[in-house]
Amino acid sequence: MGCLAALSVSAQRLTLEEVQADKYAATGNYLIRSVQSWPSATPAPKGYKPFYLSTYIRHGARLFSQDSMYSDALKVLRMAREQSMLTAAGEDFLSRYESLYPLVEGRGYDLTQIGADQHRELAAELYRRYPSIFKGARHIDARSTTLTRTIISLAAECETLKGLNPKLDIDMSASNVDMGALNPTSSFNPKAEVRDYSTSLEATNAPWQPDYRKLWEENADPDVFFGRLFKDWTFVTKVYPDAITAQKMFYYLISNTQSFSSEVSFMDFVTPEEMLAMWECENFRFYCICGKNEYFKGRNWSLSEALLRDIIKYAEADIQDPQMAARLRLGHDFKVSSLLTVLDVEGFNQTAADPRDVKNVYNYSCVPMATAIEFVFYKNRKGNVLVRVAHDGKDLTLPIEGAEGPYYEWIVFKEYCMSRIALCNDILYKTKSPIINEKY
């Protein structure tokens, strides 16, 4: 279940044809994508073998962030049934949903079994792709943000790697000490202000919210959407503040079901056109929070220079240590997107002045559940080091001179990353508030 096509560059616009072929393609960051869809790596230059891996990986499939999303849907559907306001399709929808509700009740934001399995499969795939990295009694440093869903995701990876090679020495931690790097828009990052915190970037009074609301009003058609389920679609306003909010929450519900059930789907209750229209709205929201937009003057993504600094700092020391095999980092979707923007990866370096144009420059399907950025280091007998950067196995192109395909000289790659870090710090300095702006 879910879209299995590889998509690593955000500028690849989602088309109606793709959604007609698979409605899950329009579920954005709720996508469940198998590692079996990862493309093969471009062969390394002659004489080079992988010896070290550094990653930043999103947690696996999880439930929605608000328990009320699940309980409100159940409430309005059951109220409608009691008052004979459900259509035959509505009765069918409720029947399916009631069978699923025990799986989600009270579990908002929890990692699901599907999510844990994703990380077991991901670890096994990394082991398969880079056997020379994980061979013998080598060391792995594994760190996670302090949230349960990332900790369990990391544990699933480490458990799998240890099972494949019991000789591996793995240190696993989830500490506030690392939160500034692994979750740069948190209060643990000393460069972040109150307006930069994740809760501020997503707040109801964030500067992008009016445009977001307008886009939903233009794209939503509750008369048609809810007319399939309710004899009078306005019935939804008995539970939700308005029809737009109701349709948005049902989009989340329909999209998120793939994270906890491989047997029940609600995709037959929506058309490809509706899914694409709702995807456009949520794609805009995601772009506003972590993309290269004017709402936050670059602060939203520039703060992820802390994550890139962490990757470079440890790599510099680790490549000199023959015992060091890998640095695994578990975090979140917004940070994956922001890190790719910091790196200026093709497709993440574009802006859109009009909300309607965002869909042409950004696709939030680029950060599915358990999405991974891999920094793979190669070495030849002379000790020369190359770096390849991949996103869900797909080689990424960086604006670096003298590369051999997607392989970059470590020294040149490091200098490039330091220049990007300097750019981010310049943005952060220029936009720094003498008095922290509390309005967000």
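**Note on the strands, rings and backbone of this predicted model**

1. E5 and strand E6 (residues 385–391) make a hairpin with five residues between them. Gly383, in the turn, has a positive phi of about 90°. Strands (E, at least two residues) and helices (H or I, at least four) are DSSP runs, numbered from the N terminus.

2. On the basis: this is a predicted model, where local features need pLDDT of at least 70, side-chain atom pairs count only at pLDDT 80 or more, and totals for chains, interfaces and linings use all residues. Residues are numbered from 1 along each chain as its sequence is written, and side-chain values use heavy atoms, with hydrogens and water left out.

3. E5 and E6 pair antiparallel over seven bridges. Pairing requires that DSSP finds at least two bridges between two strands. Phe375 has Val389 in E6 as its bridge partner.

4. What joins E5 to strand E1 (residues 49–58)? Eight bridges do, and the two strands run antiparallel. Ile57 stands opposite Ala372 in E5.

5. Strand E5 (residues 372–379) has seven of its eight residues buried, so it is largely enclosed by the rest of the structure. Buried means under 20% relative accessible area, exposed over 50%, and partly exposed in between (1.4 Å probe, protein chains only).

6. Aromatic pairs number 28. The rule takes rings of Phe, Tyr and Trp (its six-membered ring) with centres within 6.5 Å; planes under 30 degrees apart are stacked, over 60 edge-to-face, the rest tilted. Phe93 and Phe266 are stacked, at 4.4 Å centre to centre and 25° between the planes. Phe93 lies in helix H3 (residues 88–104) and Phe266 in the loop between helix H10 (243–256) and helix H11 (272–290), so this pair ties together parts 173 residues apart in sequence. Both Phe93 and Phe266 are buried.

7. Phe230 and Phe235 are stacked too, because their ring centres are 6.2 Å apart and their planes at 20°. Both are buried. Ring pairs link these residues into a cluster whose members include Phe93, Tyr97, Phe230, Phe235 and Phe266.

8. Two charges sit over rings (NZ of Lys or CZ of Arg within 6 Å of the ring centre and within 35 degrees of the ring normal). Lys379 lies over the face of Phe51, 4.3 Å from the ring centre. The charged end of Arg149 is over Tyr109, 3.9 Å from its ring centre.

9. Check the backbone at Tyr109: phi is near 75°, a positive value in a residue other than glycine. Tyr109 is partly exposed, at 35% relative accessibility. Asp392 also has a positive phi, of about 50°, but is buried at 6%.
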